[in-house]
Amino acid sequence: MTAVSMTVNGKPVTADVEDRTLLVYFLRETLRLTGTHIGCDTSQCGACVVHVDGKAMKSCTMFAVQAEGAQVTTIEGLAKDGKLHPVQEAFRDNHGLQCGFCTPGMIMTAVDMIRRKGAMDRDTIRHELEGNICRCTGYHNIVSAIEDASKRMTEKVA
Amino acid sequence: MITYPFTYKRAKSVAEAETLLKATSESKLLAGGQTLIAAMKMRLANPPELIDISGIKELNYIRVGGGQVAIGAATIHYDVATSAEVAKAIPALAHLAGVIGDPAVRHKGTIGGSVANNDPAADYPAAVLALGATIKTNKRAIKADDFFTGMFSTALEDGEIITEIAFPIPEKAAYKKFANPASRYAMAGVFVAKFKDGIRVAATGAAPCVFRVPEMEAALAKNFTPDAVANIAVDASNMNSDLHGSAEYRANLVTVMAKRAVAEAA
C-alpha cells in the first residue's frame, strides 16, 4: 500500500491505496465520487475523463499514484455554489444526453476543449470528441450543446 | 479491469531511473502509460515493478536548431502538436502528433513511450523512420534504420532509456493516415520526407512493423508527384490482416496514403 495525496475538486485528500489502483477506482470507490464512469475500460470511450492539473485525461488509463500531488477535477467539481457550470447548463438546454452514461465524460471533455479552443464550429467539435463514445449515438445534440456552451463562455470572457 | 499487483516507483532523474532499473529484474519504465497500462489491464503484461519516468524534467523539452528538431522522451503528444516551433520547422510532425489517439490520450502519451513500444499501428515510428531520426538513449545514439526490429521490438537493450528523438528538418514532408474509426490507430499511415539528398517514405499500421518503401523513394527522387507512386504497390503478403481490413486492403491503403502525402508535400 502507498499513501497518495492529491486535491480533488478543491479538497485535499489522502488515502492508502494499492499501487495498481486505477485513478477511476480511487475516485469512485475510495472517494465515492461515482459521477466518473467506467464504460469500455480500454481507454476508447471517454466516460472516465477527468481533469488532471487542468488537462482532460482518461482516469481508467492512469494509476492513482501517478496523480500524487495533482489537482483533479471530476464532474462533481464543476458546479459552483449550487449553480451548474455553463457546459452543464448547455447540455440541459440542448438535451445533450439520452441515457446519460457518457455525459460526465462528454462534459469534462467539452470543458477542456473550450479551454483550449474557445468558440468552435461543429466540425471542430466533432473532431475534438473523437475520444468520447455515446452508445445512444446521440451526438447531434451533444455537439449542439458544446457549440452553444463554447459561444456562451467566450462571450462572457470578451 | 485490474492489473496484476506491482510496485510503483517514481524517478526524478535519468540517473535515478537507471539505478532503479538495475535494482529489479523485469521492471518496466512507465511513461504516459497509454499503451502499457492498457496491456497490463488486459493482463498481457505483468511487470513486477514500474518506474515512472514521465515526471523527469530533463526529458521534457522541444529544441529546434542546427537543422533538427530535438524532442525530449517524456514530451507529451499535445506539446508537440501545439508547438509553434515544431509547426514551423516540420509541420508534418506537428500534424502527426495531433492525430494520435484523441485529446485525452495526447495529454498523457509521450514520444519516448510510443517509439520504445513500437506498436505496429503507432504514428510516431513513421516519422522517426521517414525523417531518418536519431534515437538517443542513456547509453548511445541509434539510427532509425537500425532501431525498429519487428512487432513491438526495438534495438533497445535492458537498462536502456530513450532520452531524446532528434529529427533532421526536411525540405518538404507530409503524413497521411487512414485511421481506424474507433481506436484512431493507423490502418495505414504514410510519412513522406524530401531531403536535399533524397526521399524517404515510411509506412505504419499496415504491417507488423513500420517499414520503408524503397520503390516509392526511387520513383519520387525522379519525379516528386502523386502520379509517381500511383502504380507502386507493396506486397500484400507482408501486410496485416484482421477484422478491420484484409492484407490486400491495407496494401492498397499504403499506395493511396502515399499519393495523398506526396500531394500535400509537393
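**Sheet in chain B**

I began with the open sheet of chain B, which has four strands in the order E11-E12-E13-E14 and antiparallel pairing. I note here that the model is a predicted one.

I looked up the edges next. Strand E11 (172–179) and strand E14 (211–212) of chain B each have a single partner strand, so one side of each is left without a neighbour in the sheet.

I then went to the pairing of E12 and E13. Strand E12 of chain B covers residues 186–195 and strand E13 of chain B covers residues 198–204; seven bridges join these antiparallel strands. For one position, I found B:Phe195 opposite B:Gly198 in E13(B).

**Helices on the sheet**

Which strands does helix H5 of chain B touch? I find this helix, residues 91–98, packed on the sheet with E11 and E12 of chain B touched, and its direction is at about 20° to that of E11(B).

I checked helix H12 of chain B as well, residues 247–265. H12 also packs on the sheet, where it touches E11, E12 and E13 of chain B. I noted an angle of about 40° between the direction of H12 and that of E12(B).

**Domains of chain B**

I looked up the division of chain B: domain 1 spans 7–52 and domain 2 spans 171–266. Taken over C-alpha atoms, the centres of domain 1 and domain 2 of chain B are 33 Å apart.

**Strands in chain A**

I moved to strand E3 of chain A, residues 49–52. A:Val49 and A:His51 point one way from E3, A:Val50 and A:Val52 point the other way, and all are buried.

I then listed the partners of E3(A). Four bridges join E3(A) to E4(A), and the two run antiparallel. A:Val52 has A:Lys55 in E4(A) as its bridge partner. These two strands form a hairpin with two residues between them, and A:Asp53 in the turn has a positive phi of about 50°.

Strand E5 of chain A, residues 71–73, is also antiparallel to E3(A), with two bridges joining them. Here I found A:Thr73 of E5(A) opposite A:His51.

**Contact between the chains**

How many residues of chain A are in contact with chain B? I find 25 residues of chain A in contact with 22 residues of chain B. Strand E4 (55–58) and helix H3 (103–117) of chain A are the elements that give two or more residues to this side of chain A. E4(A) gives the most, with four residues. I sorted the side of chain A that touches chain B by class and got seven nonpolar, nine polar and nine charged residues.

Technical notes: Residues numbered from 1 in each chain as written. Chains lettered and ligands numbered in written order. Predicted model: local features only at pLDDT ≥ 70, side-chain atom pairs only at ≥ 80, totals over all residues. Contact = placed C-beta atoms within 7 Å. Nonpolar A, V, L, I, M, F, W, Y, C, P; charged D, E, K, R; others polar. Pairing = 2+ DSSP bridges. Axes fitted to C-alpha atoms, helices over the stretch in contact; angles between N-to-C directions. Domains from an automatic or database assignment. Buried ≥ 20, exposed ≤ 12 C-beta atoms within 10 Å, placed from the backbone.
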